[in-house]
There are 2 protein chains.
Amino acid sequence: MATSTRGRIDKRQAILGGAFAVFARLGYAQACVQDIADEAGVAKPTVYNHMTDKATLFRHAVEAASQAALDARIGALAPLADPGDDLAGVLEDVAHALLRLHTDERSCALKRLLYSEITRFPDILGVVTGSGPHHLTQALADRLARLALSGRLRAADPDLAAEQFLALLLGPLEARSRLGTRPISDTELHDMARATVCTFMRAWGQKTP
Amino acid sequence: MATSTRGRIDKRQAILGGAFAVFARLGYAQACVQDIADEAGVAKPTVYNHMTDKATLFRHAVEAASQAALDARIGALAPLADPGDDLAGVLEDVAHALLRLHTDERSCALKRLLYSEITRFPDILGVVTGSGPHHLTQALADRLARLALSGRLRAADPDLAAEQFLALLLGPLEARSRLGTRPISDTELHDMARATVCTFMRAWGQKTP
DNA sequence: GCGTGATTGAACTCATGGGTTCAACGTAGT
DNA sequence: ACTACGTTGAACCCATGAGTTCAATCACGC
């Protein structure tokens, strides 16, 4: 029984993974269920045996993918919990890690899917934990609030600081990556992280006494 | 002949307008040519009489819409050509105007279309004049360079300043408008413009001597 | 080995929609 | 009135793909 249940779970995971891969590659409308079944190494009726609809299949695939992306992004904030003397350096490392997470293939595809299907699936942002970047902003705001308390940043409004940090960091991505279709070299990502932290610290760093 | 040519032009404009409206409402795949013909008040064969394909129809419709959007956005920068004493105030007005242009229905729909069809039409960013925000950044950088020359801003790197100004201003839009599906009140837009200019001036304003 | 339940492939139904054809019509220029 | 041309509506062809059915098969527990 354990293995049989396991078998079912494996199929389900394979289906969700294959579905996201195909949806990411072709978009919702162009992706056909047969392609997804092939990608998952599974027969078409098996797909319908786990998911009632192409639509619910899409929902679950996107939900799983965006949950994974969000976890990775929040994980990248960890170094901020205990920055050493070099706050700017740590910020830069975190910024660079976030940039890499936001520019990888799956993230770009996920963003494209969200934008393109948000009208067909208006509830999908609710399925995704807290509208995507939202929870990330919260988590970053928490870290910045700690830093403000210990006098490393201006104390005013950590929520705004977090929102602006992410905006400075991720805003330029759209144009530079041509909506996620052009890869960005790691050195360019490094420069972007540096420029972001530099400007952020000018605006939000504690005045050097 | 003048009127007959005019008649053709009118049909063409009606078709492009109707096409953008329907594509914006339904997305590329879901929009069917019959809907577009109806929206334009025209018969289906007439559509194919002007456009060879659904694909070229899409290209031309998106091109026209994004050209109009870009013109409006660049036009909104005009007050920066001759700011009075109150540079921050003028920046705030321009920022607010840009926010309104970026949050209106057509702009949001256009952005969704670009994101969703960029894989099917990889060349569409070339058709759109200079990848959308790119030319806007250039135009803003020009204005900021003038301001830097006259000592109102830090002189270093107006291109970076423009990129960061737009990132600070437009980056938060994505989460706040839920990818363009939620309207944002004008007072909220005002607050966003104010916060952007405040932070921007802290980072890029001339040190008050 | 036997039975239960999931899986498989193939074929099928049915709806949608791109693109075309065609005969009838309106209209402007001569 | 005649011609030329764009327009119109309706019907048509054809490809695609969602979702289903079914008999055959496989994997596992007993």
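This is a predicted model: local features need pLDDT of at least 70, side-chain atom pairs count only at pLDDT 80 or more; totals for chains, interfaces and linings use all residues.
Visitor: What makes up chain A, in helices and strands?

Guide: Chain A has 10 helices and 0 strands. From the N terminus on, its elements run α-α-α-α-α-α-α-α-α-α. The C-alpha atoms fill a box of roughly 70 × 40 × 30 Å along the principal axes.

Visitor: What share of chain A is buried?

Guide: Of the 209 residues in chain A, 39% are buried. Among the contacts in chain A with a separation of 6 or more, 65% join residues 24 or more positions apart.

Visitor: How do you know that the span of helix α6 of chain A agrees with its number of residues?

Guide: Helix α6 covers residues 105-117 of chain A, which is 13 residues. The expected span takes 1.5 Å times one less than the number of residues, so α6 of chain A should span 18 Å. Its end C-alpha atoms are 18 Å apart, and therefore the two values agree.

Visitor: Which residues of α6(A) are buried?

Guide: They include A:C108, A:L110, A:L113, A:L114 and A:Y115, and also the charged A:K111, A:R112 and A:E117. In α6(B), the buried residues include B:C108, B:K111, B:R112 and B:S116.

Visitor: Why is A:E163 called buried?

Guide: The cut-off for buried is 20 or more other C-beta atoms within 10 Å. A:E163 has 23 such neighbours, so it counts as buried. A:E163 is in helix α9 of chain A. Leaving aside neighbours within four places in sequence, A:E163 is in contact with A:T137 and with B:P172 of the other chain. A:E163 and A:L136 are 27 residues apart in sequence, and their C-alpha atoms are 9.3 Å apart.

Visitor: What makes B:L136 buried or exposed?

Guide: B:L136 has 25 C-beta neighbours inside 10 Å, so B:L136 is buried. B:L136 lies in helix α8 of chain B. Not counting residues up to four places away in sequence, B:L136 touches B:L70, B:R73, B:I74 and B:L166. B:L136 and B:I74 are 62 residues apart along the chain, with 6.0 Å between their C-alpha atoms.

Visitor: Why is A:D157 called partly exposed?

Guide: Partly exposed lies between the limits of 12 or fewer for exposed and 20 or more for buried. A:D157 has 16 other C-beta atoms within 10 Å, and is therefore partly exposed. A:D157 sits in the loop between α8 and α9 of chain A.

Visitor: What stands out in the phi of A:D157?

Guide: Most residues other than glycine have a negative phi. The phi of A:D157 is near 55 degrees, a positive value in a residue other than glycine. The phi of B:D157 is also near 55 degrees, and B:D157 lies in the loop between α8 (133-149) and α9 (158-176) of chain B. With 16 C-beta neighbours inside 10 Å, B:D157 counts as partly exposed.

Visitor: How many residues are in contact between the chains, and which elements give them?

Guide: In this interface, 33 residues of chain A are in contact with 33 residues of chain B. On the side of chain A, α6, α8 (133-149), α9 (158-176) and α10 (186-204) each give two or more residues. The largest share, 11 residues, comes from α9(A). By class, this side has 17 nonpolar, 11 polar and 5 charged residues.

Visitor: Which residues have the most contacts inside the largest nonpolar core?

Guide: They are A:A19, A:F23, A:A61, B:A19, B:F23 and B:A61, in a core of 113 residues. Beyond four places in sequence, B:F23 is in contact with B:Y28, B:A31, B:F58, B:A61 and B:L113.

Visitor: Where does UniProt list a "DNA-binding region" in chain A?

Guide: The unreviewed UniProt entry lists residues 32-51 of chain A under that name. Over residues 32-51 the chain is 75% helix and 0% strand, and the end C-alpha atoms are 14 Å apart.

Key
Residues are numbered from 1 along each chain as its sequence is written. Chains are lettered from A and ligands numbered from 1 in the order in which they are written. Helices (H or I, at least four residues) and strands (E, at least two) are DSSP runs, numbered from the N terminus. Two residues are in contact if their C-beta atoms, placed from the backbone, lie within 7 Å. A nonpolar core is a set of buried Ala, Val, Leu, Ile, Met, Phe, Trp, Tyr and Cys residues joined through C-beta atoms within 7 Å. UniProt positions are given in the numbering used here, feature names are shortened, and annotations may be inferred rather than shown by experiment.
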